[in-house]
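Me: I have a model open and want to go through it. Can you start with the surface?

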Amino acid sequence: MPLLKIFMSRVELNSVALSVGTYSAPLLGNLMFLNGISNPLRVIVGLECVLPKDMPAAYVYATILFVVPPLAVFVAFVWSVVLWYRHGRNRISKPRYHLLQGRVWTTLIALLFLITPTAVRNFAVVLQCVDFNGESRLAQNPAFQCSGNVYEFYMILSIVGLILWGYGFPLVCFILMVRNRHDI
């Protein structure tokens, strides 16, 4: 069962992405926290400079990582439709059509596969709260409380993101590998 080993290795990699340092998090027990240097998204994008003072960066990263992948899938789907249309009008040969179609989806899956540990970590950051003087505060930025409607929205977004990214996406990859195991 090499495919099962690949799936389990990916789930373990998500766990490793959360395995440096410890903070307690509501609903998830002890989750781990990575420092900012190991987060490529934060280093490349660096949104902290342009954010309003009343919004934690963790909320912005959680939103980006929740919205961008479906947009990427939509763009890949639109590109596939364009290829299909061009193939139907005999502008692209059948072998070239299948090659381009396969490359679009393979590239998308590979990119999403590489982003998964960063996404899991960023969703976990929103759930990591510490106690300061009797108040629950974000571990990443103690200036923000872990209470209120805004925090509850991002907490739910992060829990759904953790489930989708941490288990859903590797499961989809596993199913795709099982369906195409003879072509691998």
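Reply: Phe74, Val75, Phe77, Val78, Trp79, Val81, Val82, Trp84 and Tyr85 form a nonpolar patch on the surface, with about 910 Å² of accessible area together. A patch takes residues with over 30% relative accessible area and no salt bridge, joining nonpolar side chains (Val, Leu, Ile, Met, Phe, Trp, Tyr) within 5 Å and like charges within 9 Å. A salt bridge here is a side-chain nitrogen of Lys or Arg within 4 Å of a carboxyl oxygen of Asp or Glu. Areas come from the Shrake-Rupley method with a 1.4 Å probe, and for residues only the protein chains shown count as cover.

Me: What kind of model is it, and what was counted?

Reply: This is a predicted model, where local features need pLDDT of at least 70, side-chain atom pairs count only at pLDDT 80 or more, and totals for chains, interfaces and linings use all residues. Residues are numbered from 1 along each chain as its sequence is written, and side-chain values use heavy atoms, with hydrogens and water left out.

Me: Where does Val81 lie?

Reply: Val81 is in helix H3, residues 57–88. Helices (H or I, at least four residues) and strands (E, at least two) are DSSP runs, numbered from the N terminus.

Me: Why does Val81 count as partly exposed?

Reply: Because its relative accessibility is 37%. Buried means under 20% relative accessible area, exposed over 50%, and partly exposed in between (1.4 Å probe, protein chains only).

Me: What is the overall fold pattern along the sequence?

Reply: The order is α-β-β-α-α-α-β-β-α, which comes to five helices and four strands. Of the 184 residues in the chain, 36% are buried.

Me: And the total surface of the chain?

Reply: The accessible surface is about 11400 Å², and 68% of that belongs to carbon and sulfur atoms.

Me: Switching topic. How many disulfides?

Reply: One, counting a pair of cysteine sulfur atoms within 2.5 Å. It joins Cys129 to Cys146, with S to S at 2.0 Å. The pair links distant parts of the chain, 17 residues apart: Cys129 is in strand S3 (residues 129–132), and Cys146 is in the loop between strand S4 (135–138) and helix H5 (149–179).

Me: Which hand is the disulfide?

Reply: The torsion about the S-S bond of Cys129 and Cys146 is about -100°, so the disulfide is left-handed.

Me: Are those two cysteines buried or exposed?

Reply: Both Cys129 and Cys146 are buried. Cys129 counts as buried because its relative accessibility is 5%. Cys173 is at 9% relative accessibility, so Cys173 counts as buried too.
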